[in-house]
Amino acid sequence: MKHVQAEILREYGPFPGADNVHGVTFDGQHVWFASGDKLNAFDPANGETVRAIDVAAHAGTAFDGRHLFQIAEDRIQKIDPKTGRVLSTIPAPGEGGDSGLAWAEGTLWVGQHRGRKIHQIDPETGAILRTIESNRVVTGVTWIDGELWHGTWEGDESTVRRVDPETGKVLETLDMPAGMGVSGLESDGGDRFFCGGGKSGKVRAVRRPR
Amino acid sequence: MDSLITAAARALAGGDPLGALKRVALRDDPPALALRGIAMAQLGDLARAKTLLKNAARGFGPREARARARCVVAEAEIALVSRDLSFPSKALDMARATLEKHDDWVNAAHARNLVVRRLLLVGRVDEAERALADVDPAPLPPASRAAYELVVAGIAIRRLQTKTARAALARAERAARHANIPALTAEVESASLLLDTPAARLIERGEGRPLLLEEVEMLFASQALVVDACRHVVRGTGTVVSLATRPVLFALARALAEAWPGDVPRGALIARAFRAKHADESHRARLRVEIGRLRAELGKLAEVSATKRGFALAPRQAGELVVLVPPVEGQHAAMLAFLADGESWSSSALAIALGASPRTVQRALEALGAAGKVQSFGRGRARRWMTPPVPAFPTVLLLPGPLPGD
């Protein structure tokens, strides 16, 4: 297993009116993050806030190309980013213990925080299709180029790691610097990860190793 | 953190403990237990809160030392607010050290503040003052800042430093308003009232009048010789003679001081000091002995001289001789006077100080306790008594957030 220090490329925030980052996603242009009672979008090129949607946003965030998905309490909301309306909701697989959220190839992947699991679910019904076990708490999930990555954060230790989507085996680990936690994870489709920084209110760009 | 924990924590931070409970009521993982504990504490069920926080602390893993430490701090605060002084101070110290090690300065400062509050609560004023010097109030959020300033004011009041106390109370009030917790603001206000309520009565040349704490401070700083029935001491400039364990000598000193510049007949002294109705020769002999002892005790402060019909007391250097008594002298006033020093007393020490039997003292303490005028902590021989403490001690819970990973 490869074990390297995470390289922080840039820090965004903290953003006014959003003191906590609970989930992160990227719509190809803007980075969205969940801050409790809002979904906020900023431009990663200049760090400026461009939009905010008033919606309950307690954990993971994802984007399927058209809709935003947002965990609130024990539900996953499907949101139209144009209007900000919640179109539908499905039950979250961890019954509220859910933390990270990612979209890939027609299904949703949900991290279950202290359950140390990642569930693949049907985005229409919420039915669990498959479950991968992790050995650390899951604080964020993302897919990039067929690689499954998830964030962990226990006490002072926080990492971003690549796991085998079949077995859950850890393949690669990026150690975050001391004091920096990962509370949400999304890849930009290229060589960056966006990592939510929890109570710091920051979103950090971390280099994805090649 | 996971979704429901976030939602519950937000509800709690927004002053909605019921909303928080609703979201995590059925969960038994450590962060949920901790949140439930704090919510229950805010709802007033301290016993349940204690159990929940204890279980939460036990459940956090080895990487979550900080979350565990925060639970211990919250548990300590609940213990102190419910006057359960059996909570081990060592556990609180260890939690504080852990929080400092993890750069959690806000919660570490909160823990330090609790240590000081505990010392003040058990009447260890000197130690509380020393420990207070280690608290840096700068990182404290407004609510904890208000609590800190109340401690500063409490110590200053015990020390009769009313300027310091007033300044601290003003800062406490600002912080409490900033925190926007009405109960806390009310506590600060009631603490401030203490400075505007008579703290003692002054008897000067036979005339009595009430004194504010500020005036007591001025009196002690003046040249006057004070026979202090609030603490059973005689104060001169730079010298304090304690007669706390010599009740007969104090009664004589007080009787003589009240009559100053006149003298007191032997019969009256015998009646006051020995509680004897008719003086006989043995009483007179004993009075001579006790006056001799008083003369020796007061030494440079005052002169005790014989007059035709009795004795007179006169300050050697000071111009005035006054008596300071508690604002209300009712039943058990002498006992309350001792307890008013803010220290914790054992009943046997009080019995010695009052010259009363341990059983009498026990009965009096129980009556005063039932009336809410004194409080006790500890069990059996370790039991200690004191008057309800000066402000310093908000009963509002300011519990730190015990959740990991934030």
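## A walk from helix H1 of chain B

In H1 of chain B, the buried residues are B:Ser3, B:Leu4, B:Ile5, B:Thr6, B:Ala7, B:Ala8, B:Ala11 and B:Leu12. This is a predicted model. Start with that helix. H1 runs over residues 3-13 of chain B, and eight of its 11 residues are buried, so the rest of the structure largely encloses it.

What do the buried residues of H1(B) pack against? Both chains take part. From chain A come strand S8 (68-72) and strand S11 (98-104). From chain B come helix H2 (17-24) and helix H3 (30-43).

Now turn to chain A. Its secondary structure consists of 21 strands and zero helices. The C-alpha trace spans about 45 × 40 × 30 Å along its principal axes. Chain A has 210 residues, and a compact globule with that number would have a radius of gyration near 17 Å; the value for chain A is 15 Å, which agrees.

Of the 210 residues in chain A, 59% count as buried. Take the contacts in chain A with a separation of 6 or more: 43% of them join residues 24 or more positions apart.

Next, the surface. Chain A exposes about 8,400 Å², and carbon and sulfur atoms supply 45% of that area. Chain A carries 24 positive and 30 negative charges.

The cysteines come next. A disulfide is a covalent bond between the sulfur atoms of two cysteines. Are A:Cys195 and B:Cys230 buried or exposed? The cut-off for buried is under 20% relative accessible area. A:Cys195 has a relative accessible area of 1%, so it is buried. B:Cys230 is at 7% relative accessibility, so it counts as buried.

Finish in chain B, at a loop residue. B:Phe87 lies in the loop between helix H5 (65-81) and helix H6 (89-101). Its relative accessibility is 12%, so B:Phe87 counts as buried. Which residues is B:Phe87 in contact with, leaving aside its neighbours within four places in sequence? They are B:Val72, B:Glu75, B:Ala76, B:Ala79, B:Leu92 and B:Arg118. Look at B:Glu75 in that list. B:Glu75 and B:Phe87 are 12 residues apart in sequence. In space, their C-alpha atoms are 8.7 Å apart.

Note on methods
Residues numbered from 1 in each chain as written. Chains lettered and ligands numbered in written order. Predicted model: local features only at pLDDT ≥ 70, side-chain atom pairs only at ≥ 80, totals over all residues. Heavy atoms only, no water. Helix = DSSP H or I, 4+ residues; strand = E, 2+ residues; numbered from the N terminus. Rg over C-alpha atoms; globule rule 2.2 N^0.38 Å. Buried < 20%, exposed > 50% of the residue type's maximum accessible area, 1.4 Å probe, protein only. Contact = heavy atoms within 4.5 Å. Areas by Shrake-Rupley, 256 points an atom, 1.4 Å probe, with all protein chains shown as cover. Lys, Arg positive; Asp, Glu negative; His and termini not counted. Charge placed at Lys NZ, Arg CZ, Asp CG, Glu CD.
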